[in-house]
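I am opening a notebook on a structure that is new to me. I want to look up the sheet, then the aromatic pairs, then the pocket.

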Amino acid sequence: MRELHDKIHKMGAKLTFITDGEKGATAYDGKDYIEMDPYNSTEPIADKTGVGDAFSSGATSALFYKKSLTEAMKWG
């Protein structure tokens, strides 16, 4: 994932998030690379539709409120 983040960053993106299903998510801001495991729930998953959109909304909200990259990953 680091290589993919690097390539996207070199194309001009200042901040990248990549979700990878059951493997969790990663983020990169050109300096810090963060990996986060997925949230594990004891409840059964009914549907995964919109999970990436929800992650993006949560992470963006955290950044709007000036939270750290790590906190944005948690909100996502």
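**Sheet.** I began with strand 1 and strand 2 (residues 25–28), which pair in the antiparallel sense over four bridges. Strands here are DSSP runs (E, at least two residues), helices are also DSSP runs (H or I, at least four residues), and both are numbered from the N terminus. Two strands pair if DSSP finds at least two bridges between them.

A note on the source: this is a predicted model, where local features need pLDDT of at least 70, side-chain atom pairs count only at pLDDT 80 or more, and totals for chains, interfaces and linings use all residues. Residues are numbered from 1 along each chain as its sequence is written, and side-chain values use heavy atoms, with hydrogens and water left out.

I looked for a facing pair and found Ile-18 opposite Thr-26 in strand 2. Next I checked strand 2 against strand 3: they run antiparallel, joined by four bridges. Tyr-28 has Tyr-33 in strand 3 as its bridge partner. The hairpin of strand 2 and strand 3 has four residues between the strands, and there Gly-30 takes a positive phi near 95°.

**Aromatic pairs.** I looked up three of them. Rings of Phe, Tyr and Trp (its six-membered ring) pair if their centres lie within 6.5 Å; planes under 30 degrees apart count as stacked, over 60 as edge-to-face and the rest as tilted. Phe-17 and Phe-55 are edge-to-face, at 5.9 Å centre to centre with 70° between the planes. This pair links distant parts of the chain: Phe-17 lies in strand 1 and Phe-55 in helix 2, 38 residues apart.

A pocket is an open set of points on a 1 Å grid over the protein atoms alone, where a 1.4 Å probe fits, with protein on both sides within 12 Å along at least five of seven lines; lining residues have an atom within 4 Å of a point. Of 21 lining residues, the closest to the centre are Gly-21, Pro-38, Tyr-39, Ile-45 and Val-51.
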